[in-house]
Amino acid sequence: MLSLSAFLLGLGRVLLGGFFVYAGVHHFFIMPPLTAMVAARGIPYPRLVLIVGSLFQIVAGALFVLNIFTAAAAFGLIVFTIAASIMLLNFWNMDEPMRQTAKTAWQTNAAIVGGLLIAAAYAV
């Protein structure tokens with residue numbers, strides 16, 4: 001019988017990893033405006049960066065959900081989340097109200113990184 005702890009851990013992996021899988025897949029449906037947004041931040045080869053990042057989200061998220069290389073997937077998603085936040089949520093260069101929106105997104109991403117750290121610690 002599945003213990004409550006195992007159930008909760010599995011559900012957490014599905015919710016957290018599924019978030020990255022969904023986001024990565026969704027990017028392919030909104031590629032033109034996302035590419036423009038990435039380009040506006042001065043990131044070179046914005047379409048390529050977006051495609052590679054989205055594929056990484058899908059693969060690492062799926063590995064995390066499936067409990068395959070869970071710690072490595074979590075650490076990869078941590079690095080991805082921090083890098084994406086620095087590149088795209090540069091609130092220090094924004095004016096209100098976008099500044100507050102970006103700061104809130106940073107806080108959300110920090111919480112996601114916290115969840116990934118907990119999952120990685122449990123997996124090692």
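This is a predicted model: local features need pLDDT of at least 70, side-chain atom pairs count only at pLDDT 80 or more; totals for chains, interfaces and linings use all residues.
Colleague: Where does S54 sit, and what is it in contact with?

Modeller: S54 is part of helix α3, where helices are DSSP runs of H or I with at least four residues, strands are E runs of at least two, and both are numbered from the N terminus. Apart from its neighbours within four places in sequence, S54 is in contact with G24, H27 and F28, contact being heavy atoms within 4.5 Å.

Colleague: What about the largest pocket, which residues lie nearest its centre?

Modeller: Those are H27, M37, F80, A84 and L88, out of 32 residues that line the largest pocket. A pocket here is an open set of points on a 1 Å grid over the protein atoms alone, where a 1.4 Å probe fits and protein lies on both sides within 12 Å along at least five of seven lines, and lining residues have an atom within 4 Å of a point. The elements giving two or more residues to that lining are α1 (4-29), α2 (31-40), α3 (46-65), α4 (70-88) and α5 (98-123).

Colleague: And what is the lining like by class?

Modeller: The lining of the largest pocket has 21 nonpolar, 10 polar and 1 charged residues, with Ala, Val, Leu, Ile, Met, Phe, Trp, Tyr, Cys and Pro counted as nonpolar, Asp, Glu, Lys and Arg as charged, and the others, Gly among them, as polar.

Colleague: Switching to the largest nonpolar core, which element gives the largest share?

Modeller: The core has 13 residues, and L16, F20, F64, A74, L77, I112 and L116 touch the most other members; a nonpolar core is a set of buried Ala, Val, Leu, Ile, Met, Phe, Trp, Tyr and Cys residues joined through side-chain atoms within 4.5 Å. Two or more residues come from each of α1, α3, α4 and α5, and α5 gives the largest share, 5 residues. As for F64, its contacts beyond four places in sequence include R13, L16, L77 and L116.

Colleague: Why do F91 and W92 count as edge-to-face?

Modeller: Their ring centres are 5.1 Å apart and their planes stand at 70°, so the pair is edge-to-face; rings of Phe, Tyr and Trp (its six-membered ring) pair if their centres lie within 6.5 Å, with planes under 30 degrees apart counted as stacked, over 60 as edge-to-face and the rest as tilted. F91, at 22% relative accessibility, is partly exposed, and W92, at 41%, is partly exposed too. F91, W92 and W106 form one aromatic cluster.

Colleague: Last topic, the backbone: which peptide bond is cis?

Modeller: The bond from E96 to P97 is cis, with omega near 0°, and P97 lies in the loop between α4 and α5. Y45, in the loop between α2 and α3, has a positive phi near 50° and counts as exposed at 65% relative accessibility.

Technical notes:
Residues are numbered from 1 along each chain as its sequence is written. Side-chain values use heavy atoms; hydrogens and water are left out. Buried means under 20% relative accessible area, exposed over 50%, partly exposed in between (1.4 Å probe, protein chains only).
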